[in-house]
Amino acid sequence: MAEQITSEACVLPNMPTLPSQADDIGHDIGRYLEYHLGRFLGCNNIYLFEAMSYTVRDRIMSDWRNTWCLYRRNGIRKAHYLSLEYLIGRSLGNHLHNLDIEAPVDEALKRFAISLEEVEEVEPDAGLGNGGLGRLAACFLDSCATLGLPVTGYGLRYEYGMFHQHIENGYQVEDPDHWMRDGHPWEVERPEYTQRVRFGGHTEHFTDPRGRNLVRWAGTDDVLAVPYDVPVTGYRNRIVNTLRLWSASATDEFDLHDFNAGDYADAVASKNRAENITMVLYPNDSNENGKELRLRQQYFLSSASLQDAFRQWADQPLSAFPEGNIFQLNDTHPSIAIAEMMRILLDDPDKRLPWDQAWDITSRCMAYTNHTLLPEALERWPVRLFEQLLPRPLEIIYEINARFLSQVRQRWPGDNDRVRRMSLIEEGPEPQIRMAWLAIVGSSSVNGVAALHSELLKAGLFKDFYEMWPQKFNNKTNGVTPRRWLSMANPELAQLLTEKLGDGWQADLDRLTAMRPWAENGDVEFQARWRQIRYNNKQRLAELVKHYTGVTFNPSALFDIQVKRIHEYKRQLLNALHVIHLYNRIRNGDTEDWVNRCVLIGGKAAPGYQRAKEIIKLINNIASVVNNDPAVGDRLKVVFLPNYGVSKMMKICPAADLSEQISTAGKEASGTGNMKFMMNGAITIGTYDGANIEIMEAVGEDNFFLFGLRAEEVEALRGNYNPQAYIDRDQDLAKILWLLENDHFSGVEPGLFRGILDALKSPHDPWMTLADFRSYVDAQRRVEQAWRDEQCWTRMSIRNCAASGNFSTDRTISEYNNDIWQLTPVTAAFDNADST
């Protein structure tokens, strides 16, 4: 049962009387603008955004405080979500939507001669995350607050995001993403909860007067973790959860002696070294310094967050800690938290528990989510780096490993190969710590993020561990929050849904299934409005594309979209080959029953990932040739949209007709972009991979364009893959590769794409791009056939949206809670007069 808690400057003259809420909001904006920011009407819009943000934050604070007070009550079990990234995007619109005050805010802003949309556009995307992992974490926090679950998110307060991407001569160029340049009005600093995190030093073993063998971590180079809290509002329920972000600070600002001696660099060296930890999201780890910084970030997050949780538990018995707390590790990055919790329980002077009791508490508190099927993507750290940075956690990992391998030997006597495979330490010239193995051994729950992904983990990557602990493994298919990705991103469609379904579907997405009859029974009026809404959304995206690329998209064309991190397994390269195939068809006069198509590709390549950068260059070169060929005209347009992020996606996903989800089968853990597109009525062309499978099962195979090898077929082909055979029997493919080999798309840079061609033709290509080419082209032909029948495509679009209820993070989080967290939802009941 849920618990309850109770409890004239800058104003233009002669303004008409506003509704009371809008009047109050307008007054507060003016007050903040003049008295807090020292600005007046006519100032830069950034100051109106800040004044607006402070005004909205004021309307959050009382509920935030009351929610926090409720969670502090004894007996309230809490979850702590540890993630190295949160891709939260812009916050202003999200809070207005959840508080249901968009209309009065828009009305209030009229007195400042500016629209709400103009103010919202000023806010930068928060540079706290990069890809799907971070966006999933943000969606999860939204659903936790909406469901009234006592969950705190823990992350790092990066000064700079990953990077701002722009394109020069077709190449990705990385610029600093100083997203906090103008401050972050949503955060509240909490210096009173600062924690101290240790690095380096050495360990000292000693015996205390009670005869206990203890360890002291001494001579450390400490860094302060200062918390900044960001509110997470639930959807119209007055619950406000917290995202706590840690900022690194030196224990001493600078060495006054060195400074006075004129050695200014050394005087601030320790300060700079400490603050580097939270300076940049995901530093390039292709060099030794980058690796060290990444490990520092992971331990800094884990240590500060665990210390904070124990601080809140202060006066309660440690033996009951697992009954009151659960930690969800979002991928392998924070898995060092297992060793760190053991260190706290074993070494802290006010704890010093025996090993068995400490391990029992730790293993009952931890739960691990895996997000990858790529072995190379699992965290491995050199033992020597741990010896240098984290000597005490390393000792604990050694002890965990010794005790664990003793269990393995007892279970499988004489199976030394299994012992070697399951060891937390991977032997070799450079011994490595397998952090995913640590996460499995130290957690009570291990979950994948889509049905196929979870099965492949059990059958492949984690097979040995599944055989030992089958009860630990479970699946939690990912989702996306419908508040941001449908209600906010697609307001016209949201209005139509509210008219037809009534309000409240935003927090109960299963109600969308009621739309299905409007597709099947030929509701002409509804379908016409559906098409008009989609056309309007496509016009808005066309304006965005024109602004950033100079290319004109025709909203009447098929909008074919692939936006995601640039990686070979996601196969943007397969999409590019199909674009060349379409180009060849036009050049050869094969245009009967032609479907005009606008292809949009977007995403960032990791700074150290050279092949991904080459793929971006190839896409841009193809676009340059296609868009400037008069023979092509409006039949085909291609763009690479720079600096893809959350705010751009909010305009992209409502406008997509075709959603490209074309990863090599067995490589995509889940995907969430596929869900955002489906929720807005796009139709998926995809492989039998990740959450594509569950999307197809939900909507029906007739409303999904399936192609390609399945995961088991990919594995069966491995070792016998002969890409030349596919080229020899497919003239279309041969013509595409001939153009690439003869530098048709790189005339002034001969041989530029030789590396890509060699990879495609290699029998060792793990992504088997050429094996799926013909199936992909055939599926694209089916797309064209369906698109030519306007009513058919409209029905397919409506069916996709109607079937998307299962892909809400509200469902995902409910499953986490029912199966792992076991939290009691809370509700907030306050006097209505206090809600403004």
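Trainee: How many bridges join strand 8 to strand 9?

Mentor: Strand 8 covers residues 202-207 and strand 9 covers residues 213-218, where strands are DSSP runs of E with at least two residues and helices are runs of H or I with at least four, numbered from the N terminus. Two strands pair if DSSP finds at least two bridges between them. These two strands run antiparallel, and the number of bridges that join them is six.

Trainee: What kind of model is this?

Mentor: Residues are numbered from 1 along each chain as its sequence is written, and side-chain values use heavy atoms, with hydrogens and water left out. Local features need pLDDT of at least 70, side-chain atom pairs count only at pLDDT 80 or more, while totals for chains, interfaces and linings use all residues, and the model is predicted.

Trainee: How many residues does helix 23 give to the lining of the second largest pocket?

Mentor: A pocket is an open set of points on a 1 Å grid over the protein atoms alone, with protein on both sides within 12 Å along at least five of seven lines, whereas a cavity is a set where a 1.4 Å probe fits but cannot get out; lining residues have an atom within 4 Å of a point. The second largest pocket holds about 1100 Å³, a volume being the space filled by probe spheres set on points that are joined across faces, edges and corners. Its lining has 35 residues, with Glu 102, Glu 120, Met 488, Ala 489 and Pro 491 nearest the centre. Helix 23 (524-549) is among the elements that give two or more residues, and the number from helix 23, the most of any, is five.

Trainee: What space lies in the largest cavity?

Mentor: Helix 3, helix 6 (132-146) and strand 10 (223-233) each supply at least two residues of the lining of this cavity. The lining divides into seven nonpolar, five polar and four charged residues, where Ala, Val, Leu, Ile, Met, Phe, Trp, Tyr, Cys and Pro count as nonpolar, Asp, Glu, Lys and Arg as charged, and the others, Gly among them, as polar. The space in the largest cavity is about 200 Å³.

Trainee: How many disulfides does a search of the whole structure find?

Mentor: A disulfide is a pair of cysteine sulfur atoms within 2.5 Å. The sulfur of Cys 365 is 17 Å from the closest cysteine sulfur, in Cys 144, and is therefore too far for a bond. The number found in the whole structure is zero.

Trainee: Is Arg 571 buried or exposed?

Mentor: Arg 571 lies in the loop between strand 19 (558-563) and helix 24 (572-587), and has a positive phi of about 60° although it is not a glycine. Buried means under 20% relative accessible area, exposed over 50%, and partly exposed in between, with a 1.4 Å probe and protein chains only. At 1% relative accessibility, Arg 571 counts as buried.
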